[in-house]
Amino acid sequence: MSQLARFVRHRGGVPVYAYPTGLDVPPVSLVRGGRHDVLERGRHIHDFPALWYAATDGLVYVAAAGEVLDPARMADREDGVGIFFDPSVLGGGGTPRWPAWNGHPLLSPFLHGQPGGLLELRVPPERRSVWDTAIGSIDTELTERREGYRQAAVSHLTLLLIDVARLAGDVVDDLTRAGEPLLADVFAVIERRHAEPLSLREVAHEIGLTPGHLTTVVRRRTGRTVVDWISERRMAEARRLLAETDLSVGEIARRVGMADPGYFSRLFRRVHGTSPRSWRGAAAAGR
């Protein structure tokens, strides 16, 4: 787990993991092993989507982001492969964007809320060769890292997610009926106002809920708080401005709703492990 996710905190005594950040981090990661490897990690939480696929029986476990995962609920299979990915890459072309959990149909199955945080699906026999090929192709892209490997890996991932969405069609319908439009409203407020000072209380006021209740709902459905998502949106915009403009760090801080450039730089370093200026230099070198 440590190589494919970064520990960020404990919640109720349970470790919480986030997808790694950095320009050299691939958008998709694979880990191979059996059920015992997962059991060794014990109960844990991660705030990014993950699948566990057992090829022999075509079993797919969809891990709910933000929920406590209980690996003991998994079938006893030894041929598993874990597929972790950064949801922001589904914005298109493998380019990190603001991850709209509320609106992307391929992410809905990861908000299922099933007991133990795991939704069990079964891939039909006629589709298993497609899964084997897609996973093998992702593995090749990640190993060789030839030009365009990020986009190619995301393309193969997308094929798998389409299958998952189809298999979990009833779950997605239940989510829609259960009130996921609330998340759409939250993200719409953040999208509209991330470039100005914005607090949890202000988002809650626009939605018409108390801050405490809104925090509980958003954390339960996405694994993050409203404040986390405000910061995520600001960091996504900051990365774009650093990579695509010559604006100063202070001006970029102002454009993402943060009046204190020093605080902006500290937050950016905490999230990305490097300073805004270093990120800009690495992005320029990558181009």
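A nonpolar core, as the term is used on this tour, is a set of buried Ala, Val, Leu, Ile, Met, Phe, Trp, Tyr and Cys residues joined through side-chain atoms within 4.5 Å, where buried means under 20% relative accessible area, exposed means over 50%, and partly exposed lies in between (1.4 Å probe, protein chains only). The structure is a predicted model, in which local features need pLDDT of at least 70 and side-chain atom pairs count only at pLDDT 80 or more, while totals for chains, interfaces and linings use all residues. Residues are numbered from 1 along each chain as its sequence is written, and side-chain values use heavy atoms, with hydrogens and water left out.

**The whole protein**

Of the 287 residues in the protein, 48% are buried. The accessible surface comes to about 13,400 Å², and 49% of that surface belongs to carbon and sulfur atoms; the areas were computed by the Shrake-Rupley method with a 1.4 Å probe, and for residues only the protein chains shown count as cover. Among the contacts (heavy atoms within 4.5 Å) that have a separation of 6 or more, 68% join residues 24 or more positions apart.

**The sheet**

Next, colour the strands E3, E7, E5, E6 and E8, which in that order form an open sheet with antiparallel pairing; two strands pair if DSSP finds at least two bridges between them. At the edges are E3 (28-33) and E8 (118-122), each of which pairs on one side only. From one strand to the next the twist averages 20°.

Now select E5 (residues 50-54) and E6 (residues 59-63), two antiparallel strands joined by 5 bridges. Leu 51 has Val 62 as its bridge partner in E6, and Trp 52 stands opposite Tyr 61 of E6. The two strands form a hairpin with 4 residues between them, and in its turn Gly 58 has a positive phi of about 65°. E5 is also joined to E7 by 5 bridges, again antiparallel, with Val 81 of E7 as the bridge partner of Tyr 53.

Show the side chains of E5 as well: Ala 50, Trp 52 and Ala 54 lie on one side and Leu 51 and Tyr 53 on the other, and all are buried. Because 5 of the 5 residues of E5 are buried, the strand is largely enclosed by the rest of the structure.

Which residues touch the most other members of the largest nonpolar core? Select Leu 51, Val 60 and Trp 131, which hold that place in a core of 29 residues. E3, E5, E6, E7, E8, H2 and H3 each give two or more residues to this core, and H3 provides the largest share, 7 residues.

Move on to the charged side chains, where the structure holds 12 salt bridges, each being a side-chain nitrogen of Lys or Arg within 4 Å of a carboxyl oxygen of Asp or Glu. Select Glu 191, Arg 233, Glu 237, Arg 240 and Glu 244, which are linked in a network of such bridges. Within this group, the side chains of Glu 237 and Arg 240 meet at 2.7 Å, N to O, and the two residues are separated by about one helical turn because they are 3 residues apart in helix H8. Glu 237 is buried, with a relative accessible area of 13%, whereas Arg 240 is partly exposed at 36%.

Stay in H8 (residues 226-244) to find Arg 239, which counts as buried because its relative accessibility is 14%. The C-alpha atom of Arg 239 is separated by 9.3 Å from that of Phe 268, 29 residues apart along the chain.

Two further salt bridges complete the tour. Glu 202 and Arg 193 meet at 3.8 Å, N to O; Glu 202 counts as partly exposed at 30% relative accessibility, and Arg 193 as buried at 14%. Finally, select Glu 251 and Arg 254, whose side chains meet at 2.5 Å, N to O.

Conventions: Axes fitted to C-alpha atoms, helices over the stretch in contact; angles between N-to-C directions.
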